[in-house]
Amino acid sequence: MNLNDTSVIIARLPLTLLYFQHKRFTCCSCLAPVFNALDNALDKYSIHNWGLREFWWLKDGSPRIMFPFRRTFTIQPNPSKRYIDIVYGSFMKAPQAHGLEAEALKSLNKSRLRCNPPRSGNEFMTSEDLLVSLQDTSKLIVVTSSRNGLPPPNMLKFVEGLIKAADEKFERKPLTGLHHAVFGNGNAKWFKTYMSIPRLIDAKLTELGSKRIIPRGEYFESYKNLNLDHLKLSDWGTYVWDELDKMEGEREREWEYDDTWTNSCEVMGEENTGYLELTLEVLKQYEDGIVRMNKLK
Ligand SMILES: Cc1cc2nc3c(=O)[nH]c(=O)nc-3n(C[C@H](O)[C@H](O)[C@H](O)COP(=O)(O)O)c2cc1C
């Protein structure tokens, strides 16, 4: 369960007042563990620690800042719940067609690794929701396209969530421990915004601490790792499942929280495109109501 931050602040108010009363009349150190325990209990229901614990533990009795002063993401991954997740975005019109590629990707899982049903990017409503949901994900595969630099309507929330999360300050990168792989659909005819969203997602996941399983695949582009001139989803998908199988095999199929894993994959030609600025600009226009999704359908 996740209470929103306002509820957590309100729930903490009586504790804070109690603390001040207590501090005026008795010795701080004897009740401090009680407050600390209560604060810890509240933390379980929020993804943010509002920093009151540090405040309560101040020894000199002069509070620095009242409340709340620091937002820190607390990541509590549960190793037993960690699965492979596939997230998709597509402009295909028929709702049942949206997840076709994700389903195709899933069907390439010959080693029967544990994998959740594919989800559209819009199932992650906010950046907090996205970060909390991804705590239960061990490996994330994303397949998406873009049009005019914009995400598909069913990928919009995921993209917004990533951008917002990457703008926040965290003590530790919140997606540390996650491994991801991105496949992009696109067409170089739209050269200014070519593969903008797949590239943006790949970059933002990495910025937030996730590591690439294999290099991003881009439809019909060359792919060094497989020695292919024209990459197809099926080739890339087979490769990603093989790599996942090796990763899981190495650990006897136990699902662990491991942030030391690295790979030597190369990131392909994103330096020249300026895709990030462009996408942010287009998303801003979308937020301002200048661009409307339905016009793009
Ligand atoms: C109107 C329009 C705009 C497009 N804009 C882009 C773009 O900005 N960047 C890109 O890489 N591909 C662009 N494409 C190509 C699509 O991303 C490509 O056709 C993709 O395969 C569509 O996949 P989907 O049907 O799953 O959404 C555009 C296509 C159309 C029809």
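This is a predicted model: local features need pLDDT of at least 70, side-chain atom pairs count only at pLDDT 80 or more; totals for chains, interfaces and linings use all residues.
Trainee: Which stretches have a pLDDT below 50, and how many contacts do they have beyond near neighbours in sequence?

Mentor: One of them is residues 250-275, with pLDDT below 50 and 32 contacts in the model beyond near neighbours in sequence. Another is residues 290-297, also below 50, with 10 such contacts.

Trainee: And what is the mean for the protein?

Mentor: The mean pLDDT is 71, and 55% of the residues reach 70 or more. As for the model scores, ipTM is 0.98 and pTM is 0.69.

Trainee: Let's look at S6, then. Is histidine 180 buried or exposed?

Mentor: Histidine 180 lies in strand S6. Buried takes 20 or more other C-beta atoms within 10 Å; histidine 180 has 24, so it is buried.

Trainee: Which residues does histidine 180 contact, leaving aside neighbours within four places in sequence?

Mentor: Its partners are Leu140, Val142, Leu205, Ser210, Arg212 and Ile213. Take arginine 212: it is 32 residues away along the chain, yet its C-alpha atom is 5.0 Å from that of histidine 180.

Trainee: How do I read a pair of packed helices?

Mentor: Two numbers describe such a pair: the angle between the axes and the distance between them. Here, helix H5 (residues 127-134) packs with helix H6 (residues 156-167) at about 90°, and their axes are 8 Å apart. Angles from 65 to 115 degrees count as roughly perpendicular, so that is the label for H5 and H6.

Trainee: Which residues meet there?

Mentor: From H5 you have Ser127, Asp129, Leu130 and Leu131. Facing them in H6 are Phe158, Gly161, Leu162, Lys164 and Ala165. By class, this contact has five nonpolar, two polar and two charged residues.

Trainee: What about glutamine 135: where is it found?

Mentor: Glutamine 135 is in the loop between H5 and strand S5 (137-144). With 19 C-beta neighbours inside 10 Å, it counts as partly exposed. Its C-alpha atom is 9.8 Å from that of tyrosine 83, and the two residues are 52 apart along the chain.

Note on methods:
Residues are numbered from 1 along each chain as its sequence is written. Axes are lines fitted to C-alpha atoms, for helices over the stretch in contact, and angles run from 0 to 180 degrees between N-to-C directions. Helices (H or I, at least four residues) and strands (E, at least two) are DSSP runs, numbered from the N terminus. Angles under 35 degrees count as roughly parallel, over 145 as roughly antiparallel, 65 to 115 as roughly perpendicular and the rest as oblique. Two residues are in contact if their C-beta atoms, placed from the backbone, lie within 7 Å. Ala, Val, Leu, Ile, Met, Phe, Trp, Tyr, Cys and Pro count as nonpolar, Asp, Glu, Lys and Arg as charged, and the others, Gly among them, as polar. pLDDT is the predictor's confidence in each residue, from 0 to 100. A residue is buried if 20 or more other C-beta atoms lie within 10 Å of its own, exposed if 12 or fewer, and partly exposed in between; C-beta atoms are placed from the backbone.
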